[in-house]
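Reader: I am new to this structure and would like to go through it step by step. Could you show it to me?
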Amino acid sequence: MAVPSVNWNYPTAIKAGPGRIKELPDWCRELGMARPLLVTDPGLAALPMIADAVRGCRQAGLECGLFHEVKGNPTGKNVDDGVSRYREGRHDGVIAFGGGSALDAAKAIALMAGQKRPLWDFEDVGDNYLRVNVAGMAPVVAVPTTAGTGSEVGRASVITDEAAQVKRIIFHARMLPAIVILDPELTVGLPPRITAATGMDALSHNLEAYCSPFFHPMAAGIALEGMRMIKEYLPQAVTDGADLQARQQMLVASSMGATAFQRGLGAMHALAHPLGALYDAHHGMLNAILMPYVLKANQHAVAPRLQALARYLALPDDSPGAVLDWVLALRETVGIPHTLADIGIDDAQAERIGRMASEDPSGGTNPVTYTPDQYAELFRAAVRGIL
């Protein structure tokens, strides 16, 4: 079956389909860019797709620059260095190209391009977003190369404050990229392990948004369908990375997850953020491993919602535990480790992680409010494999 080329406009302008990356220069021009800065990570910068994108822009008459000094968990220094490159090159827009780390860094660079305050002044606390000089923000075209974070349709960036060893959320509504290109051909080379981890990250966004106690029925509906698509297409994308239909559907499900989490996230992310800051571990893999432990802990508070999800996913039964059983089976199918110990994380800092998780804003929309000690115990369970 041919993979369609389609456009839609929610929550921003989406251009989806194989080969759509060739339109990148056109969409840059649409946003008034003549000198875009393409922001990516070192691994992608070494691949032909980045050279092709830069060349395509230059052949179309755009003076495209390149910045690729972005870590797997982007730091404040990465953002500052990118802003320096942006200003030195007299750029007038940003192409955010890559996985969630590159997209988050690129959006933060675009935000900071015309600001006089330091980055942390725009942390998502209180009314800090009002400090932003909106006129100084640069336009963004986002091109995701993984199907996980959904950062291409997000209004925030998660950036590590290395001095404080904490991840901070930088927010402004206009950080939402103006145009997004979802081209499945760019994800074909993604290894099975990263396909699995990023796909489970997309599931974590949809699942936590769905379980949030906040009233946002549109987001809940998007999350529900996003999980169905992941159930159908993630195993195939892991098994056959060249399946463009599976790759396209996973890109869409990823964007749906990030759209849905306008409703909120939960304890998976509250734990994953400090673990990413302290251990520099892959965010998607952390959420994938934490998922069943958090789901089991929350299960009593969201039983009716999980029963409805089980029916929508056509699981064997609609008991509250059916979703947990499906998650465990899916993780095994796509090769996700069962414990945090399997990726080299021990529980020596359990109390510190419990405190950090309890302070993380993601926990504010978990269906259960956990104390620092309860988060520490939840973390220990995920280290030791106790369900």
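Reader: Which residue stands opposite alanine 142 in β9?
Author: Valine 180 of β9 stands opposite alanine 142. Please note that this is a predicted model, in which local features need pLDDT of at least 70 and side-chain atom pairs count only at pLDDT 80 or more, while totals for chains, interfaces and linings use all residues. Residues are numbered from 1 along each chain as its sequence is written, and side-chain values use heavy atoms, with hydrogens and water left out.

Reader: How many bridges join β6 to β9, and which way do the strands run?
Author: 2 bridges join β6 to strand β9 (residues 179-182), and the two run parallel. Strands (E, at least two residues) and helices (H or I, at least four residues) are DSSP runs numbered from the N terminus, and two strands pair if DSSP finds at least two bridges between them.

Reader: What is the order of the strands in the open sheet?
Author: The 7 strands follow the order β1-β2-β9-β6-β5-β3-β4, with mixed pairing. β1 and β4 (65-67) stand at the edges with a single partner strand each, so one side of each has no neighbour in the sheet. On average, neighbouring strands are turned by 20 degrees against each other, direction ignored; the axes behind this angle are lines fitted to C-alpha atoms, for helices over the stretch in contact, and angles run from 0 to 180 degrees between N-to-C directions.

Reader: And β1 with β2: parallel or antiparallel?
Author: Strands β1 (residues 6-9) and β2 (residues 13-16) run antiparallel and are joined by 4 bridges. They form a hairpin with 3 residues between them, and asparagine 9 stands opposite alanine 13 in β2.

Reader: Changing topic, how many salt bridges are there?
Author: The count is 16 salt bridges, where a salt bridge is a side-chain nitrogen of Lys or Arg within 4 Å of a carboxyl oxygen of Asp or Glu. One of them links glutamate 351 and arginine 380, whose closest N and O atoms are 2.5 Å apart.

Reader: Where do glutamate 351 and arginine 380 lie?
Author: Glutamate 351 is in helix α13 (residues 350-359) and arginine 380 in helix α14 (residues 372-384), so the pair ties together parts that are 29 residues apart in sequence. Glutamate 351 counts as partly exposed at 44% relative accessibility, whereas arginine 380 counts as buried at 13%. Buried means under 20% relative accessible area, exposed over 50%, and partly exposed in between (1.4 Å probe, protein chains only).

Reader: What about arginine 55 and aspartate 52?
Author: Their side chains meet in a salt bridge of 2.8 Å, N to O. Arginine 55 and aspartate 52 are 3 residues apart in helix α3 (residues 48-59), about one helical turn. An α-helix has 3.6 residues a turn, so residues three or four places apart point the same way. Arginine 55 is partly exposed at 40% relative accessibility, and aspartate 52 is partly exposed at 42%.

Reader: Back to helices: where does α7 bend?
Author: Helix α7 bends by about 40 degrees at tyrosine 233, and proline 235 follows within four residues. The bend is the angle between axes fitted to the seven residues ending there and the seven starting there.

Reader: And how many residues does α7 have?
Author: Helix α7 (residues 217-239) has 23 residues and reaches 34 Å from its first C-alpha to its last, close to the 33 Å expected at 1.5 Å a residue. That expected span is 1.5 Å times one less than the number of residues.
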